[in-house]
Amino acid sequence: FAPCHGSCCRYHRTLGIASDLSVDWESRMKKTYSRQQGFTLLEILVVIGILVIVMGATAGYYRNFSKFVELDSSAKILVSDLNSARTKATSGEDERRWGIHVVNQSSGNDYYELFSTPTTYTDAAVAVKTTVYVPAGMNFGDPSDGNTKNITFEKITGEEITSTDQEITLVFENQTKTITISSFGTVDVD
């Protein structure tokens, strides 16, 4: 594209523009481009505003996701401990029943204990092997506040001694995980 000199272009002849327009045009374009090398304050503020909105939305998602992962992890640990108690009972370890004693405290962290006993948890000869506290902010929904629940597996058969299905519910804010122990001693988590 060659710049016009004022006499060859009908547009310039009509406006009466001088023939040195090409010099002015080039200098104007250079000034225009040199002024547009950065971002305006308004553009930067708009981008920052969009980033803040996106980060706020993803932070809420991440928080909920991390809560779900922590709840899921705690439920898997409890299931593992229940299966361990059942395995110890079926193998006849210490020639005792094995189980989990779940405690939902009214205040403080809830916990459960892995135990062995000749009869039930209330037996004077009960032996608590380990105590596991659930993470802060998490609690048991079943058993309810201030209550306990015993899941005890029979020697050799591994059946739950009450002969009924039992449930333990873990609650973390608005999310729950329910662990079901069948009368046959199998453990499932939803």
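Is Ile 44 buried, partly exposed or exposed?

Tutor: Ile 44 counts as partly exposed, because its relative accessibility is 39%; buried means under 20% relative accessible area, exposed over 50%, and partly exposed in between (1.4 Å probe, protein chains only). This is a predicted model, in which local features need pLDDT of at least 70, side-chain atom pairs count only at pLDDT 80 or more, and totals for chains, interfaces and linings use all residues. Residues are numbered from 1 along each chain as its sequence is written, and side-chain values use heavy atoms, with hydrogens and water left out.

Ile 44 sits in helix H3; helices (H or I, at least four residues) are DSSP runs, numbered from the N terminus. Helix H3 covers residues 41–90, and its 50 residues should span 74 Å at 1.5 Å a residue, the expected span being 1.5 Å times one less than the number of residues. The end C-alpha atoms of H3 are 72 Å apart, which agrees.

Ile 44 also belongs to a nonpolar surface patch of about 650 Å², together with Phe 39, Leu 41, Leu 45, Ile 48 and Val 52. Patches take residues with over 30% relative accessible area and no salt bridge, nonpolar side chains (Val, Leu, Ile, Met, Phe, Trp, Tyr) being joined within 5 Å. An α-helix has 3.6 residues a turn, so residues three or four places apart point the same way.

Elsewhere in H3 there are buried residues, among them Lys 67, Leu 71, Leu 78, Leu 82 and Ala 89. After H3 comes Gly 92, with a positive phi near 75°.

Notes. Helix = DSSP H or I, 4+ residues; strand = E, 2+ residues; numbered from the N terminus. Patch = residues over 30% accessible without salt bridge, like charges linked within 9 Å, V, L, I, M, F, W, Y side chains within 5 Å. Areas by Shrake-Rupley, 256 points an atom, 1.4 Å probe, with all protein chains shown as cover. Salt bridge = Lys/Arg side-chain N within 4 Å of Asp/Glu carboxyl O.
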